[in-house]
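Hi,

I'm passing this one over to you, as promised. Have a look at it first, and then read on for what turned up.

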Amino acid sequence: MFGRSRSWVGGGHGKAARSIHSLDHLKYMYHVLTKNTTVTDHNRNLLVETIRSITEILIWGDQNDSSVFDFFLEKNMFVFFLNILRQKSGRYVCVQLLQTLNILFENISHETSLYYLLSNNYVNSIIVHKFDFSDEEIMAYYISFLKTLSLKLNNHTVHFFYNEHTNDFALYTEAIKFFNHPESMVRIAVRTITLNVYKVDNQPMLHYIRDKTAVPYFSNLVWFIGSHVIELDNCVQTDEEHRNRGKLSDLVAEHLDHLHYLNDILIINCEFLNDVLTDHLLNRLFLPLYVYSLVNQDKGGERPKISLQVSLYLLSQVFLIIHYAPLVNSLAEVILNGDLSVFSSKVEQDVQENSAKSSIRCFIKPTETLERSLEINKQKGKKKVLKRPNYKNIGEEDEEERGSEDNQDDLDKAKGTEASSKGIRTCSENEEIEMVIMERCKLSELSISAVTEQNTTDEEKSAAASGSEITNWNRPFLDMVYNALDCAEDDYYALFVLCLLYAMSHNKGIDPVKLERIQLPAQHAEERNSYNHVLAEGLIRIMNYAAQPDGKIRLATLELGCLLLKQLVFSKNGSLIKDIHLACLEGAREESVHLLRRFYKGEEIFLDMFEDEYRSMTIKPMNVEYLMMDASILLPPTGTPLTGIDFVKRLPCGDVERTRRAIRVFFMLRSLSLHLRNEPETQLPLTREEDLIKTDDVLDLNNSDLIACTVITKDGGQVQRFLAVDIYQMSLVEPDVARLGWGVVKFAGLLQDMQVTGVEDDSRGLNIIIHKPASSPHSKPFPILQATFIFSDHIRCIIAKQRLAKGRIQARRMKMQRIAALLDLPVQPSTEVVMGFGHSSATTAQHLPFRFYDQSRRGSSDPTVQRSVFASVDKVPGFAVAQCINQHNPSPLSSPSPSSGSGSTGRCDSVTASSTSTPSTAQSPSGLAGKDVGGCLVCRRLTVTVDTGFRSSSSSCNRNSRNINSGRFLHKLSKARNS
């Protein structure tokens with residue numbers, strides 16, 4: 001902006017080019033202004049450039065030369081700016097003047113300089129100037145100018161804007177006139193300005209806002225919010241086909257912005273402002289529109305209403321966002337203990353006496369606009385003797401107003417008196433509401449205490465809390481909450497009721513005593529010995545419906561129900577749930593198991609979905625605040641993914657989504673059941689991070705099958721590594737320089753996530769891709785390894801490919817068997833070789849198939865440190881490999897840990913077989929005894945020594961190497977197995 005060419009500077013005087021940032025140049029700019037006091041088409045550009053230059057010099061002077069501001073004040077240069085505006089010189093000059101003023105005030109850092117600019121009241125004159133606000137650019141720069149000024153407000157600068165003598169505050173009153181501007185950015189700027197004003201702790205100014213502006217501003221603001229709510233409700237009612245979701249999302253976002261703005265005002269904690277705002281929110285919006293619509297869905301009445309789902313949705317947002325205790329306590333009191341009499345109290349019954357009182361607790365439009373109300377209050381409080389000079393630029397209009405003021409003086413006085421007394425009247429009526437409710441609460445407390453003193457059972461206490469036996473009046477709002485939990489057809493309303501209960505129980509401003517009346521515990525409730533049986537049964541009923549094959553319960557509803565049930569039946573001493581309720585819950589869990597059995601398949605996709613759903617549920621648990629920001633749940637539940645609605649917020653479509661839903665239901669009910677029974681989860685996840693080999697682990701690779709290869713990464717890098725295959729993983733290792741026969745893991749990936757393909761033009765190469773487990777079913781798989789493996793010859797390449805393929809199949813099959821065990825399906829572990837992998841009872845469930853050299857991750861007492869890595873138990877062509885068999889070890893399905901005993905198949909780099917002497921129990925890397933235990937046949941273990949730089953730590957392995965007749969050994973092994 002300031003980098004433009006200024007060829008006109010100094011050109012007409014024959015002087016050398018002077019410094020742009022200097023006092024002399026400012027004097028020259030002043031000379032230019034004095035010669036061009038009238039704006040014409042010829043000098044318009046010159047004046048705009050002059051104003052820009054003056055602004056730039058002032059910013060420079062603020063940081064370098066204070067004499068610049070002395071000259072600016074001495075010559076009263078701000079008057080020129082004001083005179084240019086008053087000449088109605090067109091939008092071009094107005095836009096440039098507002099823009100440069102905005103830049104000027106944004107960049108002034110010294111308070112003294114700011115005081116210079118704000119003195120003489122010229123800034124207020126610019127604020128009240130009648131700009132053409134129909135021009136969007138002028139509107140944008142004007143509101144930005146006001147926001148910049150509001151950011152400079154403090155206890156000292158506020159006196160430049162608020163004048164106690166004239167009782168005027170132009171910065172605030174001019175800004176709030178745009179609170180309902182069609183442009184959202186203007187509305188946001190107005191909210192910022194008002195919050196900056198409310199934060200200034202200047203009591204005279206705050207009293208002026210309360211007495212002159214609070215009632216008209218808050219009443220018009222509440223009406224504006226309510227109008228948006230009615231528009232939102234109309235959009236929901238007419239959009240059953242999900243065609244206007246964009247408009248609906250915008251309306252929901254606008255309502256959220258309003259609630260956050262209201263909460264920002266309340267947390268400033270200006271008591272008398274909060275009283276006025278709370279009174280208007282309760283009596284003009286929340287009670288007459290939100291709460292009244294909960295039980296009155298007859299659209300033919302006089303009162304405006306919204307649909308039940310919209311009312312529950314908006315109330316949930318209110319309790320999630322606003323935590324101001326007087327407001328949320330009064331609102332919760334009506335919902336939990338109130339009835340319809342709060343809308344027909346004595347104040348409203350006396351309509352004949354005073355028609356003005358009929359507006360109380362009704363959602364109606366204010367009788368006057370905000371601008372007219374501000375003008376009335378301003379004329380009422382103005383002292384003409386102390387009128388500020390040059391405050392307005394509308395002298396002609398003042399003369400016209402004087403003639404009309406005399407004629408309407410009595411009317412204005414009446415309206416001003418009514419407006420100023422609204423706050424007091426509404427506050428007293430609000431107290432009457434609370435008194436009516438509190439009297440009923442006291443009666444309810446007495447009744448409940450009477451029941452308690454009579455040594456009643458917990459069931460009777462719960463019935464008393466639900467108000468079904470002891471109350472002489474009905475609680476329609478609470479009854480609606482309980483009735484909406486019935487999900488026989490769908491969970492359209494149940495989801496909103498659960499969100500409302502969750503929001504109320506987690507609201508920090510609500511008194512826990514109010515929630516305890518219905519035995520709904522707060523988030524950090526104290527010790528208790530009973531819970532709300534009616535609510536618990538409603539939640540368990542939802543879980544039963546969810547576990548049915550044709551259930552219409554969405555996953556979000558089920559997860560929220562599980563959260564509430566945990567909160568409801570848990571106290572500091574543990575679970576309070578009754579046996580009958582726990583039995584019903586266990587029945588729902590069994591139903592979920594039977595439901596998932598219908599989708600259990602041997603296909604690969606089921607295992608992937610099972611692990612993906614568990615991972616998604618663990619990584620991204622339910623966030624109710626985010627759920628209540630989604631406008632799509634306001635529309636009827638749909639089952640098609642074409643709407644773009646998240647899977648957990650809609651019904652499933654197709655077999656794949658039904659499978660995903662059945663898996664999620666199983667996980668949720670299983671977790672809830674274990675939590676209520678205080679039992680740990682020992683079977684999930686199927687792959688635990690602590691049981692996997694990780695990068696930089698140091699492993700014992702003695703007697704392990706390794707294949708040397710060259711790894712060529714995608715970026716062209718080449719490294720020499722050794723390929724090893726475990727039960728669940730493949731690893732790339734390099735020799736450990738610190739210890740012979742040990743290796744350092746440089747990469748480890750799951751076999752089940754691996755893809756292996758051959759290289760077309762090279763029989764010695766394999767293309768291997770390993771994907772990172774996806775965080776959600778819809779996310780694109782991310783490859784953590786994408787490389788080409790080059791082996792010594794095509795034989796070793798074929799061996800590696802077979803080993804990886806068989807390892808992937810076996811890893812997936814073992815996990816499928818563990819899923820079958822979770823679902824109580826019959827599992828028949830086979831002892832025969834499956835795809836090259838031997839299954840035998842020798843597998844020890846609690847041992848891992850590797851041993852760490854660096855034992856920082858595992859203690860010395862960990863049994864895993866007694867195992868070697870990648871023990872060869874497979875048949876290699878031309879050689880025989882024997883495995884020790886222990887018949888007393890349990891099945892691998894009894895533990896979630898990966899079972900040891902899987903190996904690899906194929907030739908190694910050496911064709912020499914070595915026989916090792918049978919080690920003792922203490923010396924053997926596998927921990928197996930060297931003699932016949934319990935009738936088990938113990939064979940000599942023969943492994944293939946890999947000529948890859950790794951050497952066995954056992955001296956007997958090196959001394960006793962010899963060639964073996966494989967046919968004779970296979971004959972002996974066959975006889976041993978038959979015996």
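How do H2 and H3 lie to each other? They are oblique, a word for any angle that is not under 35 degrees (roughly parallel), over 145 (roughly antiparallel) or 65 to 115 (roughly perpendicular). Helix H2 covers residues 44-64 and helix H3 residues 67-74, and their axes come within 8 Å and cross at roughly 135 degrees. The axes are lines fitted to C-alpha atoms, for helices over the stretch in contact, with angles from 0 to 180 degrees between N-to-C directions. On the H2 side, the contact (heavy atoms within 4.5 Å) is made by Ile54, Ile57, Leu58, Trp60, Gly61 and Asp62, and on the H3 side by Val68, Phe69 and Phe72. Sorted by class, these are 7 nonpolar, 1 polar and 1 charged residues. Here Ala, Val, Leu, Ile, Met, Phe, Trp, Tyr, Cys and Pro count as nonpolar, Asp, Glu, Lys and Arg as charged, and the others, Gly among them, as polar.

Some notes on provenance before the rest. This is a predicted model, in which local features need pLDDT of at least 70 and side-chain atom pairs count only at pLDDT 80 or more, while totals for chains, interfaces and linings use all residues. Residues are numbered from 1 along each chain as its sequence is written, and side-chain values use heavy atoms, with hydrogens and water left out.

Now the overall picture. The chain has 32 helices and 16 strands, taken as DSSP runs numbered from the N terminus (helices are H or I with at least four residues, strands E with at least two). Of its 979 residues, 54% count as buried, meaning under 20% relative accessible area, where exposed is over 50% and partly exposed is in between (1.4 Å probe, protein chains only). Among contacts between residues at least 6 apart in sequence, 73% join residues at least 24 apart.

Helix H25 (residues 555-569) and helix H29 (residues 654-676) have axes that come within 10 Å and cross at roughly 0 degrees, so H25 and H29 are roughly parallel to each other. H25 brings Leu555, Leu558, Glu559, Cys562, Leu565, Lys566 and Val569 to the contact, and H29 brings Arg661, Arg664, Val665, Met668, Leu669, Ser671, Leu672, His675 and Leu676. By class, that contact has 10 nonpolar, 2 polar and 4 charged residues.

On a 1 Å grid over the protein atoms alone, with a 1.4 Å probe, a pocket is an open set of points with protein on both sides within 12 Å along at least five of seven lines, and lining residues have an atom within 4 Å of a point. There are 27 lining residues, and Arg615, Thr687, Glu689, Leu750 and Pro773 are the closest to the pocket's centre. Helix H27 (604-619), strand E9 (742-750) and strand E11 (762-772) each supply at least two residues of the lining, with H27 giving the most, 6 residues. The lining divides into 13 nonpolar, 7 polar and 7 charged residues.

Next, some buried residues. Asn377 lies in helix H17 (residues 370-381) and is buried at a relative accessible area of 7%. Its C-alpha atom is separated by 5.8 Å from that of Lys212, 165 residues apart along the chain. Met480, in helix H21 (residues 476-483), counts as buried at 9% relative accessibility. Leaving aside residues up to four places away in sequence, Met480 touches Leu294, Val295, Leu308 and Leu312. Leu706 sits in the loop between E5 and strand E6 (707-713) and is buried, with a relative accessible area of 1%. The C-alpha atoms of Leu706 and Phe722, 16 residues apart along the chain, are separated by 5.9 Å.

Finally, the backbone. The peptide bond from Leu684 to Pro685 is cis, with omega near 0 degrees, and Pro685 is in the loop between H29 and strand E5 (698-700). Asn167 is not a glycine but has a positive phi of about 55 degrees; its place is the loop between strand E1 (162-163) and strand E2 (168-169). Asp824, also not a glycine, has a positive phi near 60 degrees. Asp824 lies in the loop between helix H30 (794-822) and strand E13 (833-834) and is exposed, with a relative accessible area of 51%.

Best wishes
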